[in-house]
Amino acid sequence: METCDMVSRHCRPCEGGVAPLAGTAAKALLEALPGWALDGEKLLKTFAFRNHYEAVAFVNAVAWISHREDHHPELLVGYNKVGVTYWTHAIGGLSENDFICAAKVEKLLQP
């Protein structure tokens with residue numbers, strides 16, 4: 001699946017009771033997300049900015065995506081860096097929602 005395909009999709013509610021994505025499925029989706037990595041059952045990337053203002057502006061944009069998709073990442077904010085980590089708590093692993101949101105976050109910084 002290409003990044004643009006994931007960007008046009010929306011998260012589906014996940015209340016649990018579904019198996020997390022298998023490693024091969026997660027790795028296939030990861031190919032469309034440059035710079036993102038898998039760390040166990042989590043999908044993550046650290047973004048670097050010129051200053052704190054840009055980092056916080058990015059956090060606010062990620063918060064808007066999270067609100068719209070009702071799928072929320074863990075954010076680690078430093079002076080000019082923001083770590084974004086997705087995983088689906090309800091299933092204890094990765095779901096397609098994590099990759100959809102990561103693609104939307106990635107699109108924020110594309111021209």
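Predicted model: local features only at pLDDT ≥ 70, side-chain atom pairs only at ≥ 80, totals over all residues.

Visitor: How many aromatic pairs does the structure hold?
Guide: Rings of Phe, Tyr and Trp (its six-membered ring) pair if their centres lie within 6.5 Å. By that rule, the number of aromatic pairs is four.

Visitor: Which class does the pair of W36 and F47 fall into?
Guide: Planes under 30 degrees apart count as stacked, over 60 as edge-to-face and the rest as tilted. The ring centres of W36 and F47 are 5.9 Å apart and their planes stand at 70 degrees, so the pair is edge-to-face.

Visitor: How many residues apart in sequence are the parts that W36 and F47 tie together?
Guide: Helices (H or I, at least four residues) and strands (E, at least two) are DSSP runs, numbered from the N terminus. W36 is in the loop between helix 2 (23-30) and strand 1 (37-39), while F47 belongs to strand 2 (residues 42-48), so the parts tied together are 11 residues apart in sequence.

Visitor: Is W36 buried or exposed?
Guide: Buried means under 20% relative accessible area, exposed over 50%, and partly exposed in between (1.4 Å probe, protein chains only). W36 has 6% relative accessibility, so W36 counts as buried.

Visitor: Which class does the pair of W36 and Y86 have?
Guide: Y86 lies in strand 4 (residues 81-86), 50 residues from W36, and has a relative accessible area of 0%. The centres of the W36 and Y86 rings are 6.4 Å apart with the planes at 35 degrees, so this pair is tilted.

Visitor: Which residues form one aromatic cluster?
Guide: W36 takes part, and so does F47, which is buried at 4% relative accessibility.

Visitor: Over the face of which residue does K42 lie?
Guide: A charge sits over a ring if NZ of Lys or CZ of Arg is within 6 Å of the ring centre and within 35 degrees of the ring normal. K42 is in strand 2 and is partly exposed, at 30% relative accessibility. At 3.9 Å from the ring centre, K42 lies over the face of W87.

Visitor: Which residues does S66 touch, not counting those up to four places away in sequence?
Guide: S66 is found in helix 3 (residues 52-69) and is buried, at 3% relative accessible area. Contact means heavy atoms within 4.5 Å. On that basis S66 touches H71, H72 and P73.

Visitor: What separates the C-alpha atoms of K27 and L38?
Guide: K27 lies in helix 2 and is exposed, at 54% relative accessibility. K27 and L38 are 11 residues apart along the chain, and their C-alpha atoms are separated by 8.0 Å.

Definitions and conventions
Residues numbered from 1 in each chain as written. Heavy atoms only, no water.
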